[in-house]
Amino acid sequence: MKNIIIFTISTLPFLLSSCYNELDLSKYREGSKIVLNCAASTDTVVMAHVSESKYFSDARNGFNAIADAHVELSVNGTYLEDMKWTPLNNDNSQDGFYISTYTPKAGDLIQVKAQYQADTAWAQDKIPVLTPIEKVETSAEIIDDPDANLSGGGTGKKYVITYRITFTDDIATNNYYCIRIDDGVVANIGGDVDYSSDPIFVAQRNAVDGSNGKSAIYGEGGRTFNDELFNGKNYTLTLKESGEYRGSISNLGGLIVRTRRIVLYSLSEDFYNYLTGILNESDESLSTILTDFGFIEPKQHYCNIVGGLGILGCSQESHYTQDITPIIEASKNKGH
Amino acid sequence: MWEKQLSTALNMTLSTSYTHYFSTYKQKQEDSYGTKGATDYEYSLSEKNTKNSIDDIDLKALFSYNKGAAHLLRFGLEYTWHKFIPEQQRNRSTHNNVVWAKPFNSQVNGHEFAAFAEDDIKICDRFNMNLGARMECFRVNKKAYFAIEPRISARLSISSAVSIKSGYSRMSQFVQQVSNSYVNLPTDFWVPISAKFKPLTSDQVSLGAYCMVKQGLFLSLEGYYKWMQNLLEYSDKHYLVRSGNSWEDKLSSGKGRAYGADLIVEKKTGKITGFLGYGLLWTHRKFNDINRGKEFPAKYDNRHKINISANWTIKKNVELNAAWTFMSGNRVTVSVENYKDITSSGFPTGIAPDFPYSEHTGLNHFDTKNNVRLPAYHRLDLGINFYRPKKGNRMGIWNISVYNAYSRMNPITIEKNTQEATMEGKPLKPRFRTLAIFPVIPSVSYTYKF
């Protein structure tokens with residue numbers, strides 16, 4: 001018996017040794033690369049942000065902008081101007097943009113070139129044609145929520161707002177979009193936007209993500225989609241927003257801001273490919289979790305920058321703003 | 001299986017088999033608004049089904065013809081009917097304006113015919129040869145692919161203790177498994193050759209020397225070089241392929257090469273038997289649509305492999321065995337660099353949407369596929385067998401084993417950890433961590449042979 005106890009105690013450290021161990025991969029450092037992020041739209045002047053890539057363990061403090069790069073803008077193959085470094089006024093992190101004086105037009109071919117030390121990075125992209133929102137219909141209901149936390153004075157109910165956004169796709173071209181609901185400034189509106197009511201987003205979900213038992217499809221910054229399922233048609237996209245309902249419009253809990261801005265971006269193909277990798281890959285999706293744990297091979301993020309990393313993305317946007325207060329009130333009065 | 005002796009020299013074996021493999025996923029989304037039956041009641045449904053399956057029926061006739069000591073001829077015929085359904089998608093929706101692509105990948109039937117023969121020829125006392133060939137025809141989607149797989153090996157005995165062996169062989173494969181994970185997932189799928197992808201072929205040459213150092217102790221050294229064509233893997237941009245496109249559009253066809261040398265010392269007699277093996281190996285891949293067309297190391301590019309195995313017969317009915325394995329770690333892709341993304345760069349949301357949950361460490365980047373080698377893999381397995389003879393030539397065997405006896409936590413993946421502080425509040429840097437899941441595992445088994 002004594003031998004068994006000694007054996008058990010001596011082997012316990014092996015049995016309980018940690019599953020995780022830190023690993024130094026600094027020998028695999030690849031060297032920093034110039035990162036050019038640039039957005040161009042018919043709504044404002046062309047802007048660019050220049051920074052450098054970092055080794056993962058050094059990326060804790062973010063990525064400061066490079067203020068002394070040389071950035072130039074060409075439009076439709078002709079050099080136009082050097083873009084001017086403009087620091088952000090209220091920012092202490094030395095962040096800022098290179099800003100041009102040119103506001104693009106639909107169909108413009110935008111080319112931006114950034115030079116920093118010995119590195120040169122450049123890209124070009126075309127401003128897409130705008131697909132406007134034709135109509136937005138909203139309806140709301142207040143329903144019982146079995147998951148509601150009643151201890152904090154909750155009602156055990158949640159509000160659900162359904163947005164039906166109608167637009168017409170141009171049959172002549174492959175079109176790329178991003179849809180988003182925000183409060184006019186930021187995407188974090190308090191409630192959750194669920195995209196699973198629309199077949200376009202159900203079709204996007206891969207088998208791995210579909211096998212985790214969750215039916216909702218999230219995307220707080222918006223979600224991208226293309227026209228392959230409704231090419232050339234008048235289409236109505238259906239999204240749902242839900243959140244905790246606390247009994248009155250003045251106390252809607254998570255429904256902090258009552259203005260909703262529904263934005264439909266018309267994207268260039270490059271910008272669509274780039275944003276898809278960010279916006280459609282929710283932290284909660286099973287494939288993202290498996291990738292973070294290292295079980296699935298990571299994907300190389302889409303990039304159209306030659307000689308560096310980042311994106312030159314062109315877009316146009318159409319938006320519709322609505323106060324959701326009367327919709328919620330009407331739903332409450334209907335006795336749902 | 002049915003076996004029959006047709007004559008004193010000719011033996012025939014007929015066999016048949018059926019295998020079925022499938023995985024399926026169904027995602028169904030139903031939404032309703034209002035009360036059923038009311039005028040404002042609305043209902044919507046979206047459904048996506050993904051299916052992947054293989055059915056095989058195999059018929060095989062094998063003949064062996066033994067014409068004295070000089071020839072042993074083996075030949076036969078084989079037919080396999082394959083039914084593939086690789087990543088078939090079917091969608092439906094109540095939404096009127098959605099036009100689903102016509103379901104692709106509906107059943108793909110493959111017919112595989114093969115005729116093969118090989119002959120062991122003893123040319124003289126010191127020189128033996130093995131000649132063989134397999135001729136195959138694979139017919140799929142009204143297109144036929146032919147493959148000839150010759151193989152030849154020769155052994156020259158320089159003395160009673162020393163011999164040299166060399167060989168060449170060609171192999172073909174008509175089905176491949178593709179996966180983008182480091183563990184087996186049900187989403188990994190098997191794909192047949194098609195109009196776009198040709199059969200996987202490999203050619204291998206080898207040369208080796210074999211020596212009996214003394215009675216019961218053998219030494220061998222063998223080198224090889226292997227070329228592979230038409231390997232399939234997911235292309236780098238497979239995730240950008242439109243959902244209505246075929247699985248073929250997500251894959252890339254490429255080449256591979258592997259080479260190396262194996263040294264084996266083997267003790268076959270005495271109370272303690274065993275072997276020591278050492279391999280020095282390289283494996284590379286090259287695809288036009290992966291890693292920007294540049295060659296990269298394969299997942300299993302394990303540079304060094306050592307196997308030591310010993311078997312000690314302590315008593316007539318007690319046997320102790322130990323096996324130690326060591327190999328350089330597998331290759332994995334780790335994004336060691338990060339960079340700022342546009343959604344967190346502060347652009348006005350009118351020209352670039354912001355993402356509220358952007359990682360402060362930015363986007364992942366790596367220059368080369370399979371850029372990082374996992375730490376070395378090694379473990380010691382121990383076992384003891386107790387033989388208990390029973391009546392009527394039957395045998396009972398008790399086995400007590402310890403897998404990974406010194407509990408080496410062999411990493412299987414590398415995680416990028418962004419936890420900002422410990423439980424005690426101590427700040428942490430973003431860091432890489434290995435994940436290992438198999439510590440020491442003891443086991444007991446009993447086998448009854450009758």
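A polar contact is a pair of N or O atoms within 3.5 Å; within protein, one must be able to donate a hydrogen and the other to accept it. The legends below concern a predicted model.

**View 1. Polar contacts between chain B and chain A.** With both residues of each pair at pLDDT 80 or more, 22 residue pairs are in polar contact between chain B and chain A. On the side of chain B that touches chain A, the elements giving two or more residues include β2 (10-33), β3 (42-67) and β19 (337-339) of chain B. The most, 6 residues, come from β2(B). By class, the residues on this side of chain B comprise 38 nonpolar, 34 polar and 19 charged.

**View 2. Extent of the interface of chain B and chain A.** Contacts involve 91 residues of chain B and 104 residues of chain A. Between them the two chains bury about 9000 Å², of which 58% lies on carbon and sulfur atoms. Within chain B, the most area is lost to chain A by B:Tyr33, B:Arg242 and B:Ile351, which together account for 8% of what that side buries.

**View 3. A salt bridge across the interface.** The rule finds 4 salt bridges between chain B and chain A. The side chains of A:Lys33 and B:Asp367 form a salt bridge, with an N to O distance of 3.1 Å.

**View 4. Strand pairing between the chains.** Strand β1 of chain A, residues 20-23, is joined to β25(B) by 4 bridges, and the two strands run antiparallel. A:Leu23 has B:Phe432 as its bridge partner in β25(B). The strand β25 (431-435) is also among the elements that give two or more residues to the side of chain B touching chain A.

Note on methods: Residues numbered from 1 in each chain as written. Chains lettered and ligands numbered in written order. Predicted model: local features only at pLDDT ≥ 70, side-chain atom pairs only at ≥ 80, totals over all residues. Heavy atoms only, no water. Contact = heavy atoms within 4.5 Å. Buried area = accessible area lost by both parts, 1.4 Å probe. Polar contact = N/O pair within 3.5 Å; in protein donor to acceptor, adjacent residues only side chain to side chain. Nonpolar A, V, L, I, M, F, W, Y, C, P; charged D, E, K, R; others polar. Pairing = 2+ DSSP bridges.
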